[in-house]
Structure formats: structure tokens, C-alpha cells
Amino acid sequence: MKISVYDILGSQNASLHDDGLALYCVVKENFEMHTNEEVNIDFSQIKRCSTLFLNASFGKLLADFGEEVVKKYIHPASYEQILNFMGKYNDMWDNFANKTNYQAYRDEAFA
Amino acid sequence: MNIFNLHNQSSPKENTAYIFDSNIWLPILGIDSELLSDHYKIFFSKVFKTDGAIILICPIQLSEILNRLLRYYARVAYDKKYKHLTGNKPDANGFYKDEYRSSSDFRAKYAEIMDDIDQYSTHIKICDVALMSLETLTSFESQSLDFNDHYLFLLAKEHDAVIITHDGDFHDLSVQVGTCNLKLYKKHTDSIKPKLK
């Protein structure tokens, strides 16, 4: 199954929290209807993507379905034109996976 | 002073300037805190859809945000490289200065953060406190503020901006403050209750 980010947002910028939530809702709904079917989240036509967007979309999917399921079934695709995409995506994932390990560093940052 | 509750007033006003406290910028730029409500991120997003609404940032705040984020990523990098090693190894501060700042990871993280901020630049105005004197900079209107908080207050006052914060110390100030922090909001509502003799 392919889900187009551009079709959901109607914009080339995937930057805001509610944009991320809109993607999250569509993916979650489709994935729950078609369990165990691979979902490719298509970023073609998207020019910019923010960490805020990734946390609101993939971050929430990770929280709902867990690392193993997301890794196996839900993948970003056609993002090569987006500057820093993979770096931000990996950071989002790393922060989620190491939530407990990094707690002290987060506390330090917020102090 | 006027503190409003973002749970009730969840939309920015047209033609209004907002200053997001650094602790709100951190989750926007990637370091999330479970204690902070999604309301702040939603409010931030709504600014971009509100006519004439803008976000003010001063250089000192930009510096604070960048330093906190990069220090966080440095701690993560330190863990990955040294946590499981024994013997002679640098401490985390030494690692930041001597290794991390010249690393490719530092440059990549810096580029990611700046790319995020740049995506919001259509609605960001870089500005500063113009009316500076040692006295205004160091005479805190509320004793609970630290220097950077006080600086944000001066910026808000001068530019007639609204501060969006979760920090409970932003009370008793002569600027508007929006928050989801119910303790801060309650301090305000308690202060305006008529006193019974």
C-alpha cells in the first residue's frame, strides 16, 4: 500500500505538528484495516520535512505499534530530494528507542 | 499581568507576536518531554495559519536553543562512543569541546536543527531588546526569573508580544503569558480573586 504525503497535506512542506498528525491518522487507519500489509509512505513532491513532523507522524506510529512492527511494515519512500531527511528520521527513531537511556540528558537540556 | 490557559484559548490571535520559551522550542526541534503538552506544538502550528501572527526570536535565545540541543546530541554521541569503555577516556564536557564540536556528527546535527528552524522562517522575526542598560538587564521584574527568562520578558514587553511557556516562574509580569501549566495559571487566577475579609 502506498500513501502519498503530498496528497494528504496538499503542500510541498511537511513541517508542522498537525501535518504530522494528519499523516499519522491516515497511516494508522489504513494499517489497522490491512494488518500485516506493507505501507510505503511516499514523500515524492515533498521538498522539506521537519523533525516536528516526523515526531508527530512516525514517532506516534512507533509509540502505537512498536519498533518491530514499524520496522517491518511501515517505511518512508522517495525522500531523497529532502535535505537531512535520513538524519532526522534516524534521530527520531534513536530518541524513541532510547527514551529511558536518554532521560537524564533530556532533563539536563530542560533544566 | 494576564495569564491565559492554552487549553481554553487554543488559537493564536491575528496580527500578534509570540515568543516561545526555549523549553517549548526544544520539543518542537526534537527533544521531547512527556511533561509538555501537545497543546504547545498545536498552538505553534496554528501560528502559521493565522493572519499576521509571528514568532519573535532574539539572538540570545537562538544561542541558548542551539547550545542545549547540541549538548544533548553530544551526550548521546559520548554514550555511544565511551559509555561501555573502561580506562582512560575524556569526561563528557571535554568530549564536547575537544572532539564533538569538530566532528561530522556535530555538523550534521547543526545542519538538521538549522534546516528545521529555516522551515519556520516565514513566520520568524529575529529581533532584540533595543532599550538596553545594565539596570534594565539586571533588574528582574519577578525575582523567580533567571537572566534569560528576564531577557525574554524584556523582549516581550518592548515588542508587545505574548510569551508562551510551561515555566512556572513566569508570573507577576507586565506582559501576556499563555500556558498549559495549570499551577502557573492558578497562581494568576488566585491573585485576581477578590479577597474576603
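**Two chains and their contact**

User: Among contacts in chain A between residues at least 6 apart in sequence, what percentage joins residues at least 24 apart?

Analyst: This is a predicted model, in which local features need pLDDT of at least 70 and side-chain atom pairs count only at pLDDT 80 or more, while totals for chains, interfaces and linings use all residues. Residues are numbered from 1 along each chain as its sequence is written, and chains are lettered from A and ligands numbered from 1 in the order in which they are written. Within chain A, among contacts (C-beta atoms, placed from the backbone, within 7 Å) between residues at least 6 apart in sequence, the share joining residues at least 24 apart is 83%.

User: What is the corresponding percentage in chain B?

Analyst: The C-alpha trace of chain B spans about 70 × 40 × 35 Å along its principal axes. For its contacts between residues at least 6 apart in sequence, the share that joins residues at least 24 apart is 72%.

User: In what order do the elements of chain A run from the N terminus?

Analyst: Chain A has 6 helices and 5 strands, these being DSSP runs numbered from the N terminus (helices H or I, at least four residues; strands E, at least two). Its C-alpha atoms fill a box of roughly 40 × 30 × 20 Å along the principal axes. The order of its elements is β-α-β-α-β-β-α-α-β-α-α.

User: Which helix supplies the largest share of the side of chain B that touches chain A?

Analyst: In the interface, 24 residues of chain B are in contact with 21 residues of chain A. Helices H1 (22-28), H2 (38-47), H3 (59-82) and H5 (104-119) of chain B each supply at least two residues of that side. The largest share, 6 residues, comes from H5(B).

User: At roughly what angle do the axes of H3(B) and H5(B) cross?

Analyst: The H3(B) side of this contact includes B:Leu66 and B:Tyr73, and the H5(B) side includes B:Phe106 and B:Ile113. The residues of the contact divide into 8 nonpolar, no polar and 2 charged. The two axes come within 10 Å, and the crossing angle is roughly 140 degrees.

Terms used: Two residues are in contact if their C-beta atoms, placed from the backbone, lie within 7 Å. Axes are lines fitted to C-alpha atoms, for helices over the stretch in contact, and angles run from 0 to 180 degrees between N-to-C directions. Ala, Val, Leu, Ile, Met, Phe, Trp, Tyr, Cys and Pro count as nonpolar, Asp, Glu, Lys and Arg as charged, and the others, Gly among them, as polar.
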